[in-house]
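I opened this notebook to record what I looked up in one structure. The entries follow the order in which I worked.

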Amino acid sequence: QMVLSEKVNQLMEWASKRSVIRMNGDKFRRLVKAPPRNYSVIVMFTALQPHRQCVVCKQADEEYQILANSWRYSSAFTNKIFFAMVDFDEGSDVFQMLNMNSAPTFINFPAKGKPKRGDTYELQVRGFAAEQLARWVADRTDVNIRVIRPPNYAGPLMLGLLLAVIGGLVYLRGSNLDFLYNKTGWAFAALCFVLAMTSGQMWNHIRGPPYAHKNPHTGQVNYIHGSSQAQFVAETHIVLLFNGGVTLGMVLLHEAATSDMDVGKRKILCIAGIGLVVMFFSWLLSIFRSKYHGYPYRYVTA
């Protein structure tokens, strides 16, 4: 059995080389499970090997690395808390010891006592964004970590490209700027923005939820989250598609009522518009019923 000073020195040595300490069964039992311990260990249980095909594990690992690096390279870094990882292929005995059958899972092993219910991170509710993990760590350990992300130049580059395209159009069509007053173009741009916002894209950006969830027992993939307090990225794409279908149906109905085309074509537009509204709105209600249990309304489908 290692004494406390040996444990701390060993962990500090590993942490100086790698922010997230990789552990197998032996290291986990000696440094995390066995007393004495005056430090907390945040452990990510995962399955990163390619043959496991755990896409969510890779996404969560990226955010976990950002959190651990933010702590390791901050001026407040101490030996009060360490970040570790147990991969299933390197520590399957740890998974069996903890009766764990899903990944990724985050657990805080506190400095004193055994993990309580709140020491298991609610991944499906909070998502795996580094900022959300940092709030949970602060709640469980009183260690506040300021998340520092690596610089991402994709946004500025896209903005620069957009400005360059707009500048090019203005330069090429300097004598004819009527296209800037095109109501259809501006309406389409505004509609795309509204559909993106109402589908939950901003929630995804803040919370960082997984794209979908695969049941480890049955292999079934769920694209709609069963709780009204959370969602998957795939779910927002589905809602975006359904809202777009309803909108297209309303546009066709408006065209059928106001256009100057012959009656036959207007009837076709009317029937198509009604069909789109009924079908996509019915599917939207189905999603609401699956998330808000007891939701009393339905349109066509259950």
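**Entry 1. Domains.** I began with the domain assignment, which divides the protein chain into domain 1 (4-141) and domain 2 (182-291); such bounds come from an automatic or database domain assignment. The contact between them draws 11 residues from domain 1 and 15 residues from domain 2, where contact means heavy atoms within 4.5 Å. I then took the centres of domain 1 and domain 2 over C-alpha atoms and found them 39 Å apart.

**Entry 2. Basis of the model.** I noted that this is a predicted model, in which local features need pLDDT of at least 70 and side-chain atom pairs count only at pLDDT 80 or more, while totals for chains, interfaces and linings use all residues. Residues are numbered from 1 along each chain as its sequence is written, and side-chain values use heavy atoms, with hydrogens and water left out.

**Entry 3. The interface.** How much area is buried between domain 1 and domain 2? I recorded about 960 Å², with carbon and sulfur atoms giving 51% of it. Buried area here is the accessible area (1.4 Å probe) that two parts lose on being put together, summed over both. On the side of domain 1, Asn101, Gln124 and Val125 supply 46% of the area buried against domain 2, more than any other three residues.

I next looked for specific pairs. Between domain 1 and domain 2 the count is 0 salt bridges, a salt bridge being a side-chain nitrogen of Lys or Arg within 4 Å of a carboxyl oxygen of Asp or Glu. The interface does hold 1 residue pair in polar contact, both at pLDDT 80 or more. A polar contact is a pair of N or O atoms within 3.5 Å; within protein, one must be able to donate a hydrogen and the other to accept it, and residues adjacent in sequence count only if both atoms are side-chain atoms.

Which elements give two or more residues to the side of domain 1 that touches domain 2? They are α3 (55-72) and α5 (123-126), and α5 has the largest share, 3 residues. Helices (H or I, at least four residues) and strands (E, at least two) are DSSP runs, numbered from the N terminus.

**Entry 4. Annotated segments.** For "transmembrane region", the unreviewed UniProt entry lists residues 153-172, 184-203, 238-256 and 268-288; annotations of this kind may be inferred rather than shown by experiment. I checked two of these in the model. Residues 184-203 are 90% helix and 0% strand, with end C-alpha atoms 29 Å apart. Residues 238-256 are 100% helix and 0% strand, and their end C-alpha atoms lie 27 Å apart.

**Entry 5. Backbone details.** I found a cis peptide bond from Pro35 to Pro36, with omega near 0°; Pro36 is in the loop between α2 (25-33) and β2 (40-46). Another cis peptide bond joins Ala103 and Pro104, and Pro104 is in the loop between α4 (92-97) and β4 (105-109). Gln53 is not a glycine, yet has a positive phi of about 55°; Gln53 lies in the loop between β2 and α3.

**Entry 6. Salt bridges.** I counted 10 salt bridges in the structure. One of them joins the side chains of Glu13 and Lys17 at 3.8 Å, N to O. Glu13 and Lys17 are separated by about one helical turn, because they are 4 residues apart in helix α1 (residues 4-17).
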